[in-house]
Amino acid sequence: MPRGFVSLWRSSGKVRFGLTVIVAMVVLALLSEPIAARIGNGKDPLEITAYQPWLVPSAAHPLGTDRYGRDLLAMTVKGLASSLEVGVIAGICATVFGIVVGFVAGYKGGWIDSTLATITDMFLVVPTLPILLTMSAYMRNITLFHVAVIIGAFAWPFAARTLRSQVLTLRSRPYVDLARTTKMNDVEIIFQELVPNLLPYIGVGFATSTLGAIFALVGIEVIGFGPTDVIDLGMMVNWAITWGALSLGAWPIFVAPIFVLSLLLLAILLVNIGLEETYNPRLRQVAGA
Amino acid sequence: MASAAITAPAETPRVGVRRWLADHPYAAYAIRRTALFVLTLWGALTVTFLFFHLIPGDPITAFIATLEQQNIYGVEAGKEAIEHYKELFGLNGSLFDQYVFYLRQLLITRDLGPSLINFPTPAQVAIYRALPWTIGLLGLSVIISWVFGVALGAFAGLRRNTAASQWLTNVAISLSHVPNYLIAVILVFIFAYRLAWFPPTAAYDPHYEKAFTLEFIGSVIQHGFLPALSLVIVFTCRDLLSTRTLIVPTLGDDYLTFAEAKGLRRGHVIRQYALRNCYLPLITGIAIQLGFVVSGNVIVENIFNYPGIGNLLVQAIRTLDYNTIQGVVAMITFMVLLANLVIDLALPFLDPRVKYWR
């Protein structure tokens with residue numbers, strides 16, 4: 001829906017800023033290989049002892065190097081790519097499951113709704129991080145993909161809950177009744193009538209679960225559980241803690257990932273607020289600045 | 001469900017329990033809410049149990065694997081030894097038997113079995129020892145940030161066209177969703193290592209006796225300052241934003257104009273009239289966020305090596321201490337649900353507008 005996108009883009013400066021940052025990050029992540037090659041200038045900047053360890057930031061290495069002499073700028077770009085990848089996989093899992101549960105519950109109503117809503121609430125109150133930690137610590141040969149799927153399996157209740165409440169407001173609208181009288185079946189009504197109308201909410205739900213998944217992985221890695229053979233933003237923070245970078249004063253290794261993560265977070269948050277203001281004009285000038 | 005007695009149709013005379021419930025709507029509400037609490041607790045514990053027992057590579061398999069690998073003097077750990085441990089940890093029999101064992105352990109005997117961190121001390125002893133640290137840290141942080149958040153939020157809402165307020169709001173938006181453990185990392189770097197104002201780890205100086213002496217309490221405050229600050233920063237920003245969002249629409253309302261027209265002082269009007277309407281959503285907000293708060297706190301405790309329940313969990317996972325892991329997860333679930341229950345039961349007293357009978 002190009003027209004919808006244009007009006008979304010025009011709606012507020014917050015949305016423009018947020019979308020620009022998100023697109024820039026995705027492009028950076030997609031180009032991480034060429035960027036690393038460019039930084040390495042012929043050799044792999046992420047190879048152990050590629051350079052001197054703990055170099056301070058300079059023209060050749062804008063963020064310096066780590067304990068093993070790897071270039072930290074290349075590492076940050078690479079880490080962004082891995083983190084986004086995990087986030088998107090988990091976000092898709094969570095959104096698809098959330099759509100199914102939320103739409104079925106909201107549309108069907110009755111005992112199906114109350115059962116699904118109760119199950120959703122149960123998943124919402126189970127403290128997920130301890131379970132995620134335990135599982136990622138015990139699964140042997142865990143890969144980023146596994147972690148992403150596990151995180152996604154725990155992230156769906158939020159999406160389901162939001163979508164359910166939106167479906168509830170739509171299900172008795174005249175056009176849905178009309179669709180029902182023309183003998184469309186439930187699946188057709190959900191996917192042809194309801195889903196298109198809720199795309200902004202699905203988008204927001206996807207962005208939020210993606211972000212949640214990225215931070216869940218960061219949390220797991222800060223503690224030191226999770227896949228060990230990958231470079232991503234959470235691992236960088238973990239290395240900063242376990243290698244004593246905090247007491248050494250080697251700031252780039254944790255400032256860079258934290259800055260990137262916070263910027264991504266802010267971008268998604270601003271898009272969220274912008275959408276909210278556009279779709280809920282009552283809130284304009286109240287929520288946010 | 002049980003409607004108020006006045007609206008009940010006269011032709012259906014209520015007798016016994018139903019009558020009593022209809023006459024005591026709050027009691028009916030409390031019973032219903034408590035029943036829901038029990039149901040949700042059971043559901044959550046079951047979900048946890050299934051996750052730990054059904055996923056390949058679960059802690060139990062890992063634990064048995066380490067038991068089997070313990071070859072002492074070339075002799076494999078005897079079958080009896082493994083059987084003994086399985087018996088001890090409730091890993092015998094079918095999945096259903098194990099489930100019954102697990103629920104009995106948690107709910108009836110309330111004995112989690114031996115912990116591995118310090119065998120054979122029961123796991124619940126370690127958990128009870130760690131619990132006060134976590135509750136203290138979280139409780140104080142939530143209360144402190146609530147005070148700051150409401151005050152700053154009221155300021156930001158009342159003076160919303162000033163530059164200071166807009167800056168405050170923008171900073172709050174940026175910080176409100178940053179995970180507290182990332183803030184903790186930055187705080188440790190600046191205040192513990194660069195400036196050396198606060199200690200980077202532990203909860204108190206081991207030189208002092210654990211007693212209610214000034215030195216010990218001072219040491220606890222000094223050690224707890226940074227972990228608490230990392231939590232307070234995030235919570236304050238969230239409370240600030242919600243207070244601001246809640247107070248702005250009330251500002252033009254007639255009852256405020258009337259209160260001011262009566263000649264009440266402005267501070268009094270704001271505190272007693274405008275802000276009172278904002279407390280309730282803030283309190284329910286705390287209830288909803290509690291799960292995240294506890295989760296984020298696990299990581300913060302780990303960064304500061306704080307002896308709370310989160311750190312215990314991480315140590316237990318490192319040492320494959322299955323009983324402790326299970327106990328901590330159940331304890332966290334229980335705490336989150338209990339806090340929700342308490343808040344829900346208290347709401348009708350805090351705000352008479354809340355209709356708890358449906």
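Select chain B and consider its contacts between residues at least 6 apart in sequence: 67% join residues at least 24 apart, two residues being in contact if their C-beta atoms, placed from the backbone, lie within 7 Å. This is a predicted model, in which local features need pLDDT of at least 70, side-chain atom pairs count only at pLDDT 80 or more, and totals for chains, interfaces and linings use all residues. Residues are numbered from 1 along each chain as its sequence is written, while chains are lettered from A and ligands numbered from 1 in the order in which they are written.

Stay on chain B and colour by secondary structure. There are 14 helices and 0 strands, where helices (H or I, at least four residues) and strands (E, at least two) are DSSP runs numbered from the N terminus. Of the 358 residues in chain B, 34% are buried, that is, with 20 or more other C-beta atoms within 10 Å of their own C-beta, again placed from the backbone.

Next, select residues 24-109 and 135-350 of chain B separately. These are domain 1 and domain 2 in the domain assignment, whose bounds come from an automatic or database source. Their contact takes 18 residues from domain 1 and 14 residues from domain 2 of chain B. On the domain 1 side, helix H2 (25-54) and helix H3 (59-69) of chain B each supply at least two residues, and the largest share, 11 residues, comes from H2(B). That side of domain 1 of chain B divides into 13 nonpolar, 4 polar and 1 charged residues. Here Ala, Val, Leu, Ile, Met, Phe, Trp, Tyr, Cys and Pro count as nonpolar, Asp, Glu, Lys and Arg as charged, and the others, Gly among them, as polar.

Now show both chains. In their interface, 39 residues of chain A are in contact with 46 residues of chain B. Helices of chain A that each supply at least two residues include H5 (110-125), H6 (128-138) and H13 (252-279). H6(A) gives the largest share of the chain A side, 9 residues. By class, that side has 31 nonpolar, 6 polar and 2 charged residues.

Finally, select residues 199-223 and 233-242 of chain A, helices H10 and H11. They pack at an angle of about 25 degrees with their axes 8 Å apart; axes are lines fitted to C-alpha atoms, for helices over the stretch in contact, and angles run from 0 to 180 degrees between N-to-C directions. H10(A) and H11(A) are therefore roughly parallel, a term for angles under 35 degrees. Show side chains: among the residues that meet are Leu217(A) and Val218(A) in H10(A), and Leu233(A) and Ile241(A) in H11(A).

Methods
Angles under 35 degrees count as roughly parallel, over 145 as roughly antiparallel, 65 to 115 as roughly perpendicular and the rest as oblique. A residue is buried if 20 or more other C-beta atoms lie within 10 Å of its own, exposed if 12 or fewer, and partly exposed in between; C-beta atoms are placed from the backbone.
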